[in-house]
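Let's take a walk through this model together, one piece of architecture at a time. Keep the view open beside you as you read.

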Amino acid sequence: QRPNVFTTKLANIAPGAAMTVQIEYQQMLEYRDGQYTLRYPLVVGERFITTSKETARNPQYDTGVFTISSETAKDLNPSKITVKLDTGISVENIASSSHPVNISPQNDNRYVITLQDNYVPADRDFLLSWTPELGKLPKATVFNQKHNGYEYSLVTVYPPKNELYNRLDIPRDAVFILDVSGSMSGTSIEQAKSALSLALDRLKPSDKFNIIWFNDMAKKMHFESTQASDSNIQKAKKVIHALNTGGGTMMLRALQLALESTTDPAYLRQTMFITDGNVSNDRDLFAYITENLADNRLFTVGIGSAPNNFFMKKAEKAGRGSFTFINNIREVGEKTEALFKKLETPALTDVALSIYGDDIEYYHNPITDTYSGEQMTLLLRETRMTYATEVERK
């Protein structure tokens, strides 16, 4: 139905017979704050269906998936998970923030991870993270693979361990977009409010900020961004605390309010989008971000037990920013602090790729900025067998 939602139908099963459905897929592992994270989806969040040209042309994008995530339905879709982890390098801090797990070390940097409860209900995504042991210098790797007449390359640049970058001297214009639609009710909105309050506390008096919130409509606190004085921040916290959830998830107008506002060249504009992302008009939003980003950087903060991971990642790439996921209210402080340390410590910006050869395409294009604790990954494809790549730092 869409890149991160699919359905299948089975028929003609004989009486008393058993049927096994095997699904195989590949994914890029996330590397943030010095950690790799594997997310295995177990539930699809319900989508607010918006009317758009995309859904009119492609009715399959209307994700009419009915899901149940009841605390009382403990026997719902019982799932058993085994992860065979082959890292290739030494790792540490293997853990799951979503489920209790057992970790069994094997030979040659291999591990087997299983659920402590053996079977669990499919009411949240499964998360597994681990930390590679890096040195004091940055590392770069290139992996090549031939497939169906094409040669593919995966280029990865790792930051060094305990890297230190100078804090930005330029003042920032921080715009916060908060989703207050019905899907954010309960613990999600509490996580979002906590994250936003902590974000405001990290602003300097020389910074500017503005707050936009949306459901069926979008509103902003100030016509243009205002100074991050103590009094203005306290007023903003009162506004945030008074917000209630309800209504639909009309994101486009909120993005318009953020990206169409005047940008002062003396400030670095950074837009933080706090949402669960469960909408159907993803492609309309990506197109708008790409066409209207200008000098903005868009950072998405995923809230809840099963946010729309596809939207978060694509919006991050289209916005040349970063993605942070918060699925537990106990993680709000830690994850928010890590995000804002990134925003204050860029490692690579305005990265350019020089390629010697014809008929070569690469992704991500444009290349996103890289922040402290992140890796830079590029995928390349060409039809010829020999070529060279050069990554420039500006």
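The crossing of helices H5 and H6 is right-handed. Keep in mind that you are looking at a predicted model. H5 covers residues 282-292 and H6 covers residues 309-318, and the two pack at an angle of about 15 degrees, with 9 Å between their axes. Angles under 35 degrees count as roughly parallel, and H5 and H6 are therefore roughly parallel to each other. Which residues of H5 and H6 meet? On the H5 side you will find Asp282, Leu285, Phe286, Ile289 and Thr290, and they meet Phe310, Phe311, Lys314, Ala315 and Ala318 of H6.

Now turn to another helix pair, H2 (residues 187-201) and H3 (residues 230-242). Their axes lie 10 Å apart and the packing angle is about 175 degrees. Angles over 145 degrees count as roughly antiparallel, so that is the description for H2 and H3. Here Lys193, Leu196, Ser197, Leu200 and Asp201 of H2 meet Ile233, Ala236, Lys237, Ile240 and His241 of H3. The residues in the contact of H2 with H3 divide into 5 nonpolar, 2 polar and 3 charged.

Next come the strands. Four of them form an open sheet in the order E1-E2-E7-E4, and the pairing is antiparallel. Which strands sit at the edges? They are E1 (30-32) and E4 (91-95), each of which pairs on one side only. On average, neighbouring strands in this sheet are turned by 25 degrees against each other, direction ignored. For a view of the pairing between E2 (residues 35-40) and E7 (residues 126-132), follow the 5 bridges that join these antiparallel strands.

Finally, have a look at the aromatic rings. A pair of aromatic rings is described by the distance of the centres and the angle of the planes. How many aromatic pairs does a search of the whole structure find? The search turns up 5 of them. One of these joins Phe214 and Phe273: the ring centres are 5.8 Å apart and the planes stand at 75 degrees, so the pair is edge-to-face. Phe214 belongs to strand E11 (residues 208-214) and Phe273 to strand E14 (residues 268-275), so this pair ties together parts that are 59 residues apart in sequence.

Note on methods
Residues numbered from 1 in each chain as written. Predicted model: local features only at pLDDT ≥ 70, side-chain atom pairs only at ≥ 80, totals over all residues. Heavy atoms only, no water. Axes fitted to C-alpha atoms, helices over the stretch in contact; angles between N-to-C directions. Helix = DSSP H or I, 4+ residues; strand = E, 2+ residues; numbered from the N terminus. Parallel < 35°, antiparallel > 145°, perpendicular 65-115°, else oblique. Left-handed = near helix turned anticlockwise from the far one by under 90°. Contact = heavy atoms within 4.5 Å. Pairing = 2+ DSSP bridges. Nonpolar A, V, L, I, M, F, W, Y, C, P; charged D, E, K, R; others polar. Phe/Tyr/Trp six-rings, centres within 6.5 Å; stacked < 30°, edge-to-face > 60°.
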